[in-house]
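Visitor: I have a model open and would like to learn how to read it. Could you walk me through a few features?

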Amino acid sequence: MRFGWGAGLLVAAVSAAPALAGSVADVNARIDSVLGDSARYQTTITAFQRSVSAGSKEDVAAFVRYPIVVTIDGKKTTIRSAEAFVKRYDAIMTPGILKAITAQKYEDLFVNDQGVMFGNGQA
C-alpha cells in the first residue's frame, strides 16, 4: 500500500540499498540521507500509527495518496478518493496490515530511496 506525503509517504520499498537500522538515530540518519527531513517523516509515521491504532478510518484515509491500487479479495482494485477508502477500509486494512502498522517500531523501519516499509511490506 502506498501513501502520499503528509498525506502519506510510506512506500513498500524493496530496492536500492535498503537499511535496517537499530536505533531511532540510525533510522533518522538514513531517512535524512535518502529521503530528507527525518523529523517530518517521524512525526507523520507516528501520527499514522496512532490513527490506525485508534481505528480512525477518516484520518487513515487522509494519509493516502490517490488513486491507489489495492488488492481486495484477490482482485486489484483502484481506490480513487478518501471517501472510497473509508467505504472499503475493512477490506483494505486487513488484520495483517493493521498488525504490521501498529506493531512496527520506528527504530526497526526498513528505509531506502523509495520510502519506508512497515513489517514485511504489508504497508
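**Reading the fold**

Guide: Start with burial: of the chain's 123 residues, 41% count as buried, where buried means under 20% relative accessible area, exposed over 50% and partly exposed in between, with a 1.4 Å probe and protein chains only. This is a predicted model, so local features need pLDDT of at least 70 and side-chain atom pairs count only at pLDDT 80 or more, while totals for chains, interfaces and linings use all residues. Residues are numbered from 1 along each chain as its sequence is written, and side-chain values use heavy atoms, with hydrogens and water left out.

Visitor: How many helices and strands are there in the chain?

Guide: Helices (H or I, at least four residues) and strands (E, at least two) are DSSP runs, numbered from the N terminus. Here you get six helices and five strands, and along the sequence they follow the pattern β-α-α-α-β-β-α-α-α-β-β.

Visitor: And how do I describe two packed helices?

Guide: You give the angle between their axes and the distance between the axes. Axes are lines fitted to C-alpha atoms, for helices over the stretch in contact, and angles run from 0 to 180 degrees between N-to-C directions. In this chain, the axes of helix α1 (residues 24-34) and helix α2 (residues 38-54) come within 8 Å and cross at roughly 120°. That makes α1 and α2 oblique to each other; angles under 35 degrees count as roughly parallel, over 145 as roughly antiparallel, 65 to 115 as roughly perpendicular and the rest as oblique.

Visitor: Which residues of α1 and α2 make the contact?

Guide: Contact means heavy atoms within 4.5 Å. On α1 it is Val24, Asn28, Ile31 and Asp32, and on α2 it is Ser38, Tyr41 and Gln42.

Visitor: What about the loops? Where does Asp37 lie?

Guide: Asp37 lies in the loop between α1 and α2. Have a look at its backbone: phi is positive, about 50°, although Asp37 is not a glycine. At 46% relative accessibility, Asp37 counts as partly exposed.

Visitor: Which loop holds Asp73, and is Asp73 buried or exposed?

Guide: Asp73 is in the loop between β2 and β3 (75-79). Asp73 also has a positive phi of about 50° without being a glycine, and at 75% relative accessibility it counts as exposed.

Visitor: Which peptide bond is cis?

Guide: Check omega: the bond from Tyr66 to Pro67 is cis, with omega near 0°. Pro67 is found in the loop between α3 (57-62) and β2 (68-72).
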